[in-house]
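Student: I would like to go through this model with you, one topic at a time. Could we begin with the helices?

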Amino acid sequence: MRKKVTAVLLLFILAVFGLWWWHAGKKVPAAVSPVVPSEKLHVTASGYVAYTLLKQIGGDRLEISMLVPPGTEPHSFEPTPGSIIAVSESDLFVYVSPRVEPWVKDILRGITGVNTLEAGPCLKDQDPHVWMTPYGALDMAKRIEKALSKTDPAGKTYYSERYKQFEQEIKALHDAFGRDLADCQSRAVVHVGHLAFGNLAHTYGLEFRALTGTSHQGEHSVQKLADLVRFIRKNKVQAVFTEEMVASDLADTVAQETNVRVLPLYTVEEVSKTDFDSGVTYGDYMRRNLHNLKEGLKCRV
Ligand SMILES: [Zn+2]
């Protein structure tokens with residue numbers, strides 16, 4: 001009996017071995033590593049507003065390039081041939097609007113067959129810094145979510161989930177701005193920089209005074225500085241606000257004349273190298289803005 005079992009076992013082993021031998025001998029085509037397209041969608045952002053909102057909605061599914069480098073002023077940026085090549089090789093190009101980035105028109109003329117999205121369109125007489133209110137940024141995020149889902153249908157649920165998370169953050173941000181800026185000693189935001197905060201001030205009932213226009217090319221004339229100084233004295237303003245890309249000596253001059261504090265406000269469209277490397281988000285910048293507005297306007301919360 002035992003011999004019979006051993007023989008059966010032996011036959012079984014031989015059969016298995018034979019089968020393996022037969023398979024191994026067959027001419028199986030050599031394994032070729034399949035050409036797997038990169039799983040990440042290649043997206044180019046004009047500047048940091050488009051970049052940070054794309055990251056917010058697209059997360060790990062995106063490989064994002066940014067045309068305006070950190071530390072560079074976005075309104076008067078001049079694209080290079082490399083900018084056009086980067087956009088041409090993208091699956092999607094996202095910019096804010098030609099009002100904010102006039103140079104985008106040159107890029108759009110130079111490319112064909114690339115999906116493009118104007119994420120922050122605005123009316124002719126509107127302040128083009130539409131993302132400077134939380135719900136303005138949410139509108140942009142919605143357009144970005146739709147464009148990403150269209151370009152990359154496999155990621156539709158992922159993008160939609162991330163949009164919903166961002167929507168929650170925006171609601172909380174809007175509530176915080178409304179609550180924290182409700183009762184302040186001063187409602188005048190004097191800004192030694194360009195007119196980027198008009199939408200924000202209007203939304204939360206603040207008065208906004210800026211040194212220059214909606215681009216960075218306004219003149220910093222002595223007359224304009226004198227007007228600001230007069231306004232600060234007359235309205236008992238406690239602080240002047242400035243921005244990273246405008247030389248702070250202008251703000252310092254105004255502050256010394258009037259003996260008030262200087263506090264930064266962030267436009268999001270301008271990002272320092274440090275903030276870019278540490279991945280500062282739209283929400284982070286807006287929370288910094290709220291903190292500094294509360295300080296400068298002496299709000300009671
Ligand atoms: Zn601007």
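Tutor: Helix H2 is largely enclosed by the rest of the structure, because 10 of its 11 residues are buried. Helices (H or I, at least four residues) and strands (E, at least two) are DSSP runs, numbered from the N terminus. Buried means under 20% relative accessible area, exposed over 50%, and partly exposed in between, with a 1.4 Å probe and protein chains only. As to the source, this is a predicted model: local features need pLDDT of at least 70 and side-chain atom pairs count only at pLDDT 80 or more, while totals for chains, interfaces and linings use all residues. Residues are numbered from 1 along each chain as its sequence is written, and side-chain values use heavy atoms, with hydrogens and water left out.

Student: Which residues of H2 are buried?

Tutor: They are Tyr48, Val49, Ala50, Tyr51, Thr52, Leu53, Leu54, Gln56, Ile57 and Gly58. H2 is followed by Gly59, which has a positive phi, near 45 degrees.

Student: Which helix gives the most to the lining of the largest pocket?

Tutor: That is H2 (residues 48-58), with five residues. The lining includes Tyr48, Lys55, Gly59, Arg162 and Phe276, and about 180 Å³ of space lies in this pocket. On a 1 Å grid over the protein atoms alone, a pocket is an open set of points with protein on both sides within 12 Å along at least five of seven lines, whereas a cavity is a set where a 1.4 Å probe fits but cannot get out; lining residues have an atom within 4 Å of a point. Grid points are joined across faces, edges and corners, and a volume is the space filled by probe spheres set on the points.

Student: How many cavities of 30 Å³ or more are there?

Tutor: The count comes to four cavities of 30 Å³ or more. The largest cavity has a volume of about 70 Å³. Of the 13 residues that line it, Gly47, Tyr48, Pro74, Glu101 and Glu269 lie nearest its centre.

Student: Let us turn to the metal. What are the protein donors of the zinc ion?

Tutor: They are His75 (NE2), His129 (NE2), His194 (NE2) and Glu269 (OE), at 1.9 to 2.1 Å from the ion. Donors are N, O and S atoms within 2.8 Å of the metal (3.2 Å for Na, K and Ca); water is not among the atoms, so sites may look incomplete.

Student: How are the donor residues spaced in sequence?

Tutor: The spacing is H-x53-H-x64-H-x74-E. His75, in the loop between strand E2 (62-66) and helix H3 (81-88), and Glu269, in the loop between strand E8 (261-264) and helix H10 (273-277), are 194 residues apart and link distant parts of the chain.

Student: Are those two buried or exposed?

Tutor: His75 is buried, with a relative accessible area of 7%. Glu269 is also buried, at 5% relative accessibility.

Student: And the strands? Which way do the side chains of E3 point?

Tutor: In strand E3 (residues 92-95), Leu92 and Val94 point one way and Phe93 and Tyr95 the other way, and all are buried. In a regular strand the side chains alternate between the two faces of the sheet.

Student: What does E3 pair with?

Tutor: Strand E1 (residues 41-45) pairs with E3 in the parallel sense over three bridges, and four bridges join E3 to strand E4 (residues 115-118), also parallel. Two strands pair if DSSP finds at least two bridges between them. Tyr95 stands opposite Glu118 in E4.
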